[in-house]
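Please find below a colleague's note on the structure shown here. The points are set out by region, for reading beside the coordinates.

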Amino acid sequence: MVESTPHYVVDSIVFGSPNGSEVRVMLPKESYEAKGLLSGYALPRVQFDYMLFKRATEMVLEAGGSVIQGFSVNDVAVEVEDGEQRIVGVSGKAGGARSEEPELSFSAPLTVGAGGYNCPVSRKITEVHDEPHRDDEHFCGGYREYWENVEGLGDSEGPIEIHFIDEVLPGYFWLFPVKEGVVNVGCGMLISEQRKQRGKKKSLKQIQRWVIEEHPGFKKRFANATLVPKSEKGWQLPFGSPRKKAPSYQPRRVAMAGAMAVGDAASLVDPFSGEGIGNALLTAKMTSRHFDKEMHSGGFPEDGAVAYMEEMWDELGSELTNSKTLQSLMKWKRVTNWFIKKASKKEEIGKMMSEMIASKEAQKALWNPWFMFKTLILP
Ligand SMILES: Cc1cc2nc3c(=O)[nH]c(=O)nc-3n(C[C@H](O)[C@H](O)[C@H](O)COP(=O)(O)OP(=O)(O)OC[C@H]3O[C@@H](n4cnc5c(N)ncnc54)[C@H](O)[C@@H]3O)c2cc1C
């Protein structure tokens, strides 16, 4: 489906440092092709969401289920049985919380919370356990616009770009082409860091405007570019980085009797790359393994919820922890300058970064101290 709609084929990633050095890391085409995949796709979000929703709807209907579009969940029902709290369903309205439509309630042995960073089901799970839902140290603000005619990014295949530039640090500025001639341009920064900068720096939108209009390296590339009207959008990204004093599970409690949360509702966005779609799909798949329609017909049990949270962190914990370490390192301007300069000069580092993007084994190798020392420090 993706290939039959307009998209951009990603063959590499360009990393830029505060002092202007750049390194282009090619994606390992062969590793992907061996798995029958193309190296990478970028496409407009509205297009991706349409395809995902269309296919999901078809599958639900084929399995005898129903789909309601435009329904807003306003409340999550909890019952207490033998001293144990259990989520038993949701209620809400078609057409949004303030619509004139009648309130409808649904009950089920299992409710899956997939409502993104502010999902009412995932909020209920943390509220019932008196644990924090939002944590500004691990929530990131994101802002994006679509631009046409950005210099150097007009083709239908090529790099995506990530720039660690002074004005956006400790976040980054990105240029992701989404189809021929159109580029998703954005920046992101941890909410806690944005707070610290308040007074000194501006909003993400203002920072982005400055980069596009004033930054010596970028203003040239945007000289003939035009903003796609009404494409400005801001969001929050709930990162999956490990919490320092997590009261129960990592990255936070995301399941209980009667409910499991997935994707952004489970706070699983990669804290270095900002990607969350992969982990959303992966955890959605996981819930279907933990829920047994027959065995759990009377209600999804607490021990099932615990098993889900443990499997999730076993599967994703090390990758998310590594990404957090990288995110913290990139805060230090001199480290970023040094690393990117080194990578641009030493072929082995470029190769290592490229393999890291494709394989978990290579990611583990990077954290081997001897490998690190050999590759980064030795001439
Ligand atoms: C600027 C930006 C750029 C990004 N770029 C990338 C990228 O390049 N690659 C990548 O992998 N990830 C990227 N991400 C992260 C990615 O968008 C998310 O991780 C992903 O969308 C999570 O999917 P989800 O289904 O869990 O949540 P969402 O996509 O947020 O979907 C949640 C859905 O629930 C609905 N909803 C919310 N509340 C209610 C309610 N009360 N009742 C009913 N429905 C409700 C919402 O309307 C929405 O449709 C980016 C994020 C941002 C902000």
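1. Overall make-up. The structure is a predicted model. The chain holds eleven helices and 15 strands. Of its 379 residues, 30% count as buried. Among contacts between residues at least 6 apart in sequence, 66% link residues at least 24 apart.

2. The largest nonpolar core. This core has 68 residues, and the members touching the most others are Val183, Cys187, Ala255, Met260 and Ala261. Residues come to the core from both domain 1 (8-45 + 139-238) and domain 2 (68-135 + 239-326), so the core lies between the two domains. As a general matter, nonpolar side chains in soluble globular proteins tend to be buried together.

3. Methionine 260. Which residues does methionine 260 contact, leaving aside its neighbours within four places in sequence? The contacts are Val112, Val254, Ala255, Thr287, His290, Ala305 and Tyr308. Of these, valine 112 stands opposite methionine 260, which belongs to E15.

4. The three-stranded sheet. Strands E7, E15 and E14 form an open sheet in the order E7-E15-E14, with mixed pairing. Strand E7 (111-113) and strand E14 (255-256) are the edge strands, each pairing on one side only. Between E7 and strand E15 (residues 259-261) the pairing is parallel and comprises three bridges. Helix H3 (residues 120-128) packs on this sheet and touches E7, E14 and E15, its direction making about 115° with that of E15.

5. The partners of strand E1. Strand E1 (residues 8-16) runs antiparallel to strand E3 (residues 41-42), to which two bridges join it; here valine 9 stands opposite tyrosine 41. With strand E9 (residues 157-163), E1 pairs in the parallel sense over seven bridges. With strand E2 (residues 22-26), E1 pairs in the antiparallel sense over five bridges. Valine 14 stands opposite glutamate 161 in E9 and also opposite arginine 24 in E2. The hairpin of E1 and E2 has five residues between the strands, and glycine 20 in this hairpin takes a positive phi near 95°.

6. Leucine 175. Is leucine 175 buried or exposed? The residue is found in strand E10 (residues 172-179). Leucine 175 counts as buried because 22 C-beta neighbours lie inside 10 Å, where the cut-off is 20 or more. Not counting residues up to four places away in sequence, leucine 175 touches Val150, Leu153, Ile160, Glu161, Val183 and Val185. Among these contacts, Glu161 is the residue in E9 that stands opposite valine 14, and Val183 is one of the core members touching the most others. Leucine 175 and proline 159 are 16 residues apart in sequence, with their C-alpha atoms 9.1 Å apart.

7. Helix H5. The buried residues of helix H5 (residues 204-214) are Leu204, Ile207, Gln208, Val211 and Ile212. Viewed down the axis of H5, these residues fall within an arc of 130°, so they line one face of the helix. In an α-helix there are 3.6 residues a turn, so residues three or four places apart point the same way. The face of H5 turned away from the buried side carries the exposed residues Gln206, Glu213 and Glu214. The packing partners of the buried residues of H5 are strand E8 (139-148), E10, strand E11 (182-190) and strand E13 (233-238); of these, E10 is the strand that holds leucine 175.

Key
Residues numbered from 1 in each chain as written. Predicted model: local features only at pLDDT ≥ 70, side-chain atom pairs only at ≥ 80, totals over all residues. Core = buried A, V, L, I, M, F, W, Y, C linked by C-beta atoms within 7 Å. Buried ≥ 20, exposed ≤ 12 C-beta atoms within 10 Å, placed from the backbone. Domains from an automatic or database assignment. Contact = placed C-beta atoms within 7 Å. Helix = DSSP H or I, 4+ residues; strand = E, 2+ residues; numbered from the N terminus. Pairing = 2+ DSSP bridges. Axes fitted to C-alpha atoms, helices over the stretch in contact; angles between N-to-C directions. Arc of directions from axis to C-beta.
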